[in-house]
Amino acid sequence: MKAILIRGGRVIDPASGLDAARDLLLRDGKVVAVEHPGKIKAPDAETINAKGLVVAPGLIDIHVHLREPGQGYKEAIATGTAAAAAGGFTSVCAMPNTIPVNDTPEITRWMQAAERGASARVFPIAAATRGSMGEALTDYSAMRDAGAVAVTDDGKPILADAIMLEALRAAAAMGLPVIQHAEDTRLTGGCSMNAGPLAFRLGLRGMPVEAESGLVERDIALLKKVKNGHLHVAHLSTKKALDAVRAARKQGLHVTCEVTPHHFALTEERIGLYDTNAKMNPPLRGESDRAAMIKGILDGTVDAIATDHAPHAAHEKEQEFDRAPNGITGLETALGLAIKVLHVQHKMPLGRVLALLTTRPAQALGLAGRGTLAPGSPADVVVFNPAEKWVFQAAESRSRSKNTPFDGWELQGRVHVTVSEGCVAFGRQ
Amino acid sequence: MALTRATVRKRKELSSPSFFYQPVHSGSAISANDFSVAEVRRILEAADALEKENPLRRATRLAKRRVALLFYESSTRTRTSFELAAKALGADTTLVSSLSSSIEKGESLKDTGITLKALGAECIILRSPYSGAPYLLARATGLPVLNAGDGMAEHPSQALLDLRTMLQFLGIRSSAVGEKTLRGVTIMICGDIRHSRVARSNALLLPRLGAKVILCGPPELLPEVAASLGSGIEINRDFDAALRRSQIVMMLRIQAERLAGLEIDLDDYRGRYQANAERIAAHAPKALVMHPGPIIRGMEITAEVADGPQSAIAQQVHNGVPIRMALVARALSGGEHGGRKGGRR
């Protein structure tokens, strides 16, 4: 592995608060030096000229669906992580709703094996219950030892109080968070979008915001009974649920949450005439909820921007709205949307935007050493131009699937180079 | 079509991911909002003219053009009248229904549409249990799609034939239709609004002609959000009071197939919302009573009212053929009856 010297860039490392002109030397898969421009002498290193560009810790997405094992026609670990690298991500946390469900240490290890050909580090998230059936817990100790960083039944929320309580307790004992896809499915049967006037007009059944907030409130009530418990709310989408997280945080509870780019960039209006590339779960909401997501991001309540990258094949999305599967891809558009919406439109400092994509998600899921450029850390780096406007073309995506509502969108902030553990995982000429 | 390089290239473009950006053919009729008021007038006028026309001459209009009827749900009135309408114009029709086709084997709507197009269909009339399905079919085929009812969303041809029935009752000529035509007219739609595509299409269409629309029914079947469909729409759950204000009363059946676990106390429902002879005599003795069918006698409407002198139910069915003739002609004429040109073929 050749050493890499990244010269002349503006280094932003939210973990240390650094935002200055620096050179960066990566060697043997680690960050070895961050110095004033011109100070580092490394004649053996490959040099990347980062003049005019931002150099930041490789981005971290704590919510992706890589579809492997079992659904290679949608995505594979190799293709999903290639898309991640193209989007500036060097670490992704893979949800367990694969086929079979990731509920054993064998699957967890298989996902991380070198043979998968990953371009970014894959941190598996284990199923919270066997087969994600919501009945019997998986072996959290064994899953953690195999590399799992959290437990969840994402997509199949844990409804039974007793099981959720047991999961929170067992996970706390292992130092793992429980991630909940907060949806009271008793209120959302047959629903394919957000409840409200638009759903009524389109003749689609709508999910009420209470289906999300109610379960978040329930989970928080359960968390109070658990010593050292950690609840992480996935893809939060409603003001009501965000308020519940805020209140819980004030009470000192360990509750973290993530928001997707589509929930801060889009509203349900994007569905238009039944465009299934705007169908996901939780659904796109109304403008007041979207505004609440922005507010929660700006005031610090939100811990992470996570994409919920959910690839589906064209033939699955080109179906009637009610029949099409939920989810959109997101790895290649996340940074461009975050900069465009949060930094440009809402004046959020770039360092804080990056914190939501690096150090804070690393903290939320306990990804030791990730999301920082501190010497000794894994050599995960993204080099991007925060001012560059570009048009995202779904057809050019590295993901095996192209189901995105952002096809043809102008974004701001373009990745030039992604280095993952010392290797160039993506480079734009 | 030979597989030339050009067609292969074309196919590559068609399979591009921006499927949902494909345009919908302008001869389509998918939503009641697809028609401007002027277009509504032209369709009504075309229906009048086609109805009066010599059948032999009429049958030359679309002679040997191919129209496919694709029905994923059962239907008596709509299917028959669309078929008769297309045939009256001389078109060849073919019916594909979910129980006798490859749909049973799992063929998608997109592939079924592409198959029908390859067989020469120039227009597809679709009924689907899924809201929005006509847009999918229109994007997949580039053909004009006539919506014969999609899920809970819309049934625009029904709204047009209902309008024709109302105008006949009110003594208003088609040529007089404009934005103020129904000013001062109050129309009540009562029953299972939540699940009704007929209610949605009517509620979108009628206020644009100046009508006041009162929606009536219990909260389970008529959520408050229904009033947001447009201006000129109000909710009044007092059936008798709403009857007293209405010149036209449209009753709807409870759609048992779409209740999805919702439980309705039917005795209570009948007590509150049934159109029976005493009620109609007491509160709306001059009103026109309509129902898109199928009617459930003894449920939302009694036999006496359905068969009584105020009932327009048979007239509504009758109006189905001329309205659908106008829609099929519009779809295949490339704009003659008001359809905008420039649709992708």
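**Exercises on a predicted two-chain model**

Chain A has 13 helices and 19 strands (DSSP runs numbered from the N terminus, H or I of at least four residues for helices, E of at least two for strands). This is a predicted model, where local features need pLDDT of at least 70 and side-chain atom pairs count only at pLDDT 80 or more, while totals for chains, interfaces and linings use all residues. Residues are numbered from 1 along each chain as its sequence is written, and chains are lettered from A and ligands numbered from 1 in the order in which they are written.

**Exercise 1.** Work out how strand 6 of chain A sits in the fold.

*Solution.* Start with burial (20 or more other C-beta atoms, placed from the backbone, within 10 Å of a residue's own). Six of the six residues in strand 6 (residues 59-64) are buried, so the rest of the structure largely encloses this strand.

Next, find its partner: strand 6 pairs in the parallel sense with strand 7 (residues 89-94) over four bridges (pairing takes at least two DSSP bridges). There, A:Val64 stands opposite A:Ala94.

**Exercise 2.** Describe the side of chain B that touches chain A.

*Solution.* Count first: 26 residues of chain B are in contact with 25 of chain A (C-beta atoms, placed from the backbone, within 7 Å). Then go by element: helix 5 (109-118), helix 6 (133-141) and helix 8 (197-205) of chain B each give two or more residues. Helix 6 of chain B has the largest share, three residues.

How values were computed
Two residues are in contact if their C-beta atoms, placed from the backbone, lie within 7 Å. A residue is buried if 20 or more other C-beta atoms lie within 10 Å of its own, exposed if 12 or fewer, and partly exposed in between; C-beta atoms are placed from the backbone.
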